[in-house]
Every structure is written in structure tokens, then in C-alpha cells.
Amino acid sequence: MPADESPSARGTGRSRASAAISRALTPRPLTQPAPAGIALRSRPATGPRRPPAARGGTRAPGKPPRPSRGAALRRTYERARRAWDRPLTAYYLILGAGLLITVLGLVMVYSASMIKALELSRPSTYFFRKQFLAAVIGAGLMLLASRMPVKLHRALAYPLLLVTVFLMVLVQVPGIGMSVNGNQNWIYLGGPFQLQPSEFGKLALILWGADLIARKQDKRLLTQWKHMLVPLVPVAFMLLGLIMLGGDMGTAIILTAILFGLLWLAGAPTRLFAGVLAFAVAIGFLLIKTSPNRMSRLACMGVSEPSPDGGCWQAVHGIYALASGGWFGSGLGASVEKWGQLPEPHTDFIFAITGEELGLAGTLSVLALFAALGYAGIRVAGRTEDPFVRYAAGGVTTWITAQAVINIGAVLGLLPIAGVPLPLFSYGGSALLPTMFAVGLMIAFAREDPAARAALAMRRPGVRWKTMRRRVMKRPSGER
């Protein structure tokens, strides 16, 4: 210690050192200005604090939060459901599916029938031209049926039934009726044209049966079993008898399906329905058992190899055609089975050629179109308040879906070959004309719905122009 330093001076120095140490250890408040020469980055003491940024990036101010994946899926589902429940959904489904099936059928008829036409020493477009002419006439019938009111359809029921029965009787007259593939169900019209009246019998039974059941429902007679069955079942059995005289059991099966569809829609009791069904099954079993040709067709279900005597040749080669198609097919026109291996490639087994040339994608597209047509028919029948529309729409839906199932089931080997064409798709003008008229009938029924009628009226140019003028007149004068 220096000699000149006094005790008081030493005390004063200690107190200053203690004060400096205490100031250094005391935390400095945020509002205290920083010393000169030192720049500090500090947050303001007042004002709301910004929330910490979320992981994965920042969001711009004012931008709504991104919805979750589940919410987006629910919103998409709600939009699809609202679009599906619109008044014109059934109208567009029937129109679009019917036209698409017909156009695709024309393409496949041309592709599947070229080799068959050349075998008969005909031009390669022989069958296609006949089918195209029938499609043009059928389009006119479809347009006519779609524009006809429901009352006119009901008025045509009895005349159509009488004309069909008369033509089916003429089929059995020697010199007028002709046999095709062992079935006496055709009338020769001259030239290359023939007519099969039994195809029009399906449409006649639907219109007449729907009108009959609707009138009995208005009079509250359907609660009695005799009014439920008579005269619907006897007239249907008369048509079945005329068809079976020619040996066409496939068309008879479709007519039976239409009859049971009408009885089901009319609310037939279970015992009555089961009794009629058992009677029809017994008659069908008897007809199959007494015919070697029908027994051979029944034995071909699920067969993968033809017999040594050539049996089940058509069924097996139909499976070969489907199996060789793969996912997307061999290409349009590149079928191998139509070169004489598969009989009737453009009529009963056109679905097999479709699977070979367009693959699984093509066959599923055809199935989806038929499913859409069937759903639209069920929707029209379920939403209407007119009993005639309900029964007629249900009958047409039963007809088209049952015939499609029987044809496709036979091609797949799941059902016996019944010899019925694929509706709107296979070759055959006699089958195409009444089916296209039935599609036009469904379009007319879809248009008769009050909501659909109002929606179609709003889409007319005149109505839209008047509505726009009315809206413009209601605007304030200063608004542009």
C-alpha cells in the first residue's frame, strides 16, 4: 500500500468499485438507450406481438388459410352430388348414353362385319350401310318419340299391340314368314330387308301394359289379384306363344322379364309374384329339356375348350376373343377371331369383338354406358307422379338392362347363349328401331318432370333474352 494513501480514500475507492460492479450485474431495461457506438436489434416494448411463423413457410397477410385435404374432398363430393341431383341429369344421361352406345355400335358393326360380308361376296360395308340406314331411321323415331306428349303415347298403346299381334301371326303363314338360323320369326320385305315383329312386341307390351295398370290403379282395382293378372298375363302369354312357335326362346325370355318387371312395379303380392314366376320357370325348363339344341347351349356355360365334335365352338371362341384383348385391345379392326373363327361376330357376339379390339377399357366403357342408362331410367320411374310414366319407364329399363345382361353374360360364359342382340349395339335394324323409339320415350318422360321442364324453358333463347331485359330494367338508373 502506498504511504500517501489515507484510509478515507481507500473506503471511497471501494464504494465506487462496488457500485460499478452492481451496475454491471443489474439487467438493463428494454427502453434504456444503448450506449453510443453499439447497435442493438430489439423489439418495441408496446404493441401486439407477431405470432411465431409456422413450419413449412409463411403466409401472406390477408390470404385465407389453405383447406385440409379432407375438407377439399368433402367440398368436391358436395359439388358432384349437387350436380348429380339437378333436374336435367336423367335427361342428359338418357340422351348421351343412348347416342354414345349407338355410335360406338356402328363403329364396331363395321369393324366386326367386314370379313363376314366378304365371305358372302358382298362389299365390306354391306352390313354397316344397312345398320347406318336403320340408325338414321331410328334417330328420327327417337326424336319423334321425345317430342310426343304422354297422352299420345298412351293412345298408341292399343294400335301398336294389335298391329304387332297381326304381324306375328303373319310370320307363321307359309310364303310370308321366313326362317333365319332355325327361328321362324321374320317377314321378308323385299331386297335385303327383313322384319322381326317380335322385337316390336316388347315395346307394344310395355306401352299397353303400362296403360292398363295405370288405369286400374286410378280405379283402385290393383288390390284384387284377378285385376292384377287379367288381362295382362294372358295377353303376355299369347305373345310368348306366338314367339315360341318360331322357336325364338331368347326373345321370349326378354318378354317374360318385361312382364315380371311390370308386375313388380304394380306392387304384386309376393305369393302371386312367386306363383307366376314358378309357372314361367317350369315352362322354360320343359322347353329347354325337350330341345337338344337348347340343352347343348346350357351345357356350354363355363366351358373353356370346344368338344371334339365342334360343340361349344362359339362360346369358347368368344372367351378367346375377350382373353386376347388385354387392357387396351389389339386395335380397332385388328381382331383375329372375326376371320371365320367366331360365328356371328357382328350380332350376338359383338361384345367379344369389342373386348378383343378395344380391350378391357372398351368393354368397361360399354358397361358404364348401359349402367348410366339403367340408372337414369330408374330415376325417371322413381321421381314421377304419373303412374303410366312410372310403369312405362320401368318396363323400358327392365327391357334394356335384362337384354344387355343376358347378351353379355352369354359372351362371358356365365349364362347360356340365348341368341339376343346387345341393345343399340349389335347389328339388326329390327332390334334397333324399337329400342331407339324406347329411348326417345324415356327422353320424353324425363322432359315431363316439372323441374326439368322449367330448366329447359330457362335455356331457350327467347326466355333468356326476356329475363335479361327484365333484370336490366330493374337496375338503378345510375348503374352501368
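Visitor: Is Leu424 buried or exposed?
Guide: Leu424 counts as buried, because its relative accessible area is 5%. Buried here means under 20%, exposed means over 50%, and partly exposed is in between, using a 1.4 Å probe and protein chains only. This is a predicted model, where local features need pLDDT of at least 70 and side-chain atom pairs need 80 or more, while totals for chains, interfaces and linings use all residues. Residues are numbered from 1 along each chain as its sequence is written, and side-chain values use heavy atoms, with hydrogens and water left out.

Visitor: Okay, and where does Leu424 sit?
Guide: You'll find Leu424 in the loop between H15 and H16. Those labels are helices, which are DSSP runs of H or I with at least four residues, numbered from the N terminus (strands are runs of E with at least two). Leu424 also has a positive phi, near 65 degrees, though this residue is not a glycine.

Visitor: How many aromatic pairs does the structure hold?
Guide: Eight. Rings of Phe, Tyr and Trp (its six-membered ring) pair if their centres lie within 6.5 Å; planes under 30 degrees apart are stacked, over 60 edge-to-face, and the rest tilted. One of the pairs is Phe127 with Tyr427, edge-to-face at 5.2 Å centre to centre and 85 degrees between the planes. Phe127 is in helix H4 (residues 126-147), while Tyr427 is in the loop between helix H15 (387-411) and H16, 300 residues apart. Both Phe127 and Tyr427 are buried.

Visitor: Why is the pair of Tyr158 and Trp208 called edge-to-face?
Guide: Because their planes are at 85 degrees, with the ring centres 6.4 Å apart. Tyr158 lies in helix H6 (residues 157-171) and Trp208 in helix H7 (residues 197-218), so the pair ties together parts that are 50 residues apart in sequence. Tyr158 is partly exposed at 37% relative accessibility, whereas Trp208 is buried at 4%.

Visitor: Which rings are linked into a cluster?
Guide: Tyr110, Phe128 and Phe132 are joined by ring pairs. Elsewhere, Arg122 lies over the face of Tyr126, 4.8 Å from the ring centre. That label needs NZ of Lys or CZ of Arg within 6 Å of the ring centre and within 35 degrees of the ring normal.

Visitor: Last topic: what space does the second largest pocket hold?
Guide: About 380 Å³. A pocket is an open set of points on a 1 Å grid over the protein atoms alone, where a 1.4 Å probe fits and protein lies on both sides within 12 Å along at least five of seven lines; lining residues have an atom within 4 Å of a point. Points are joined across faces, edges and corners, and the volume is the space filled by probe spheres set on them.

Visitor: And which residues lie nearest its centre?
Guide: Thr384, Phe445, Glu448, Asp449 and Pro450, out of 19 lining residues. The lining divides into nine nonpolar, one polar and nine charged residues. Nonpolar covers Ala, Val, Leu, Ile, Met, Phe, Trp, Tyr, Cys and Pro; charged covers Asp, Glu, Lys and Arg; the others, Gly among them, are polar.

Visitor: Which helix gives the most to that lining?
Guide: H14, with three residues. Helices that each supply at least two include H3 (89-119), H5 (150-155) and H16 (429-447).
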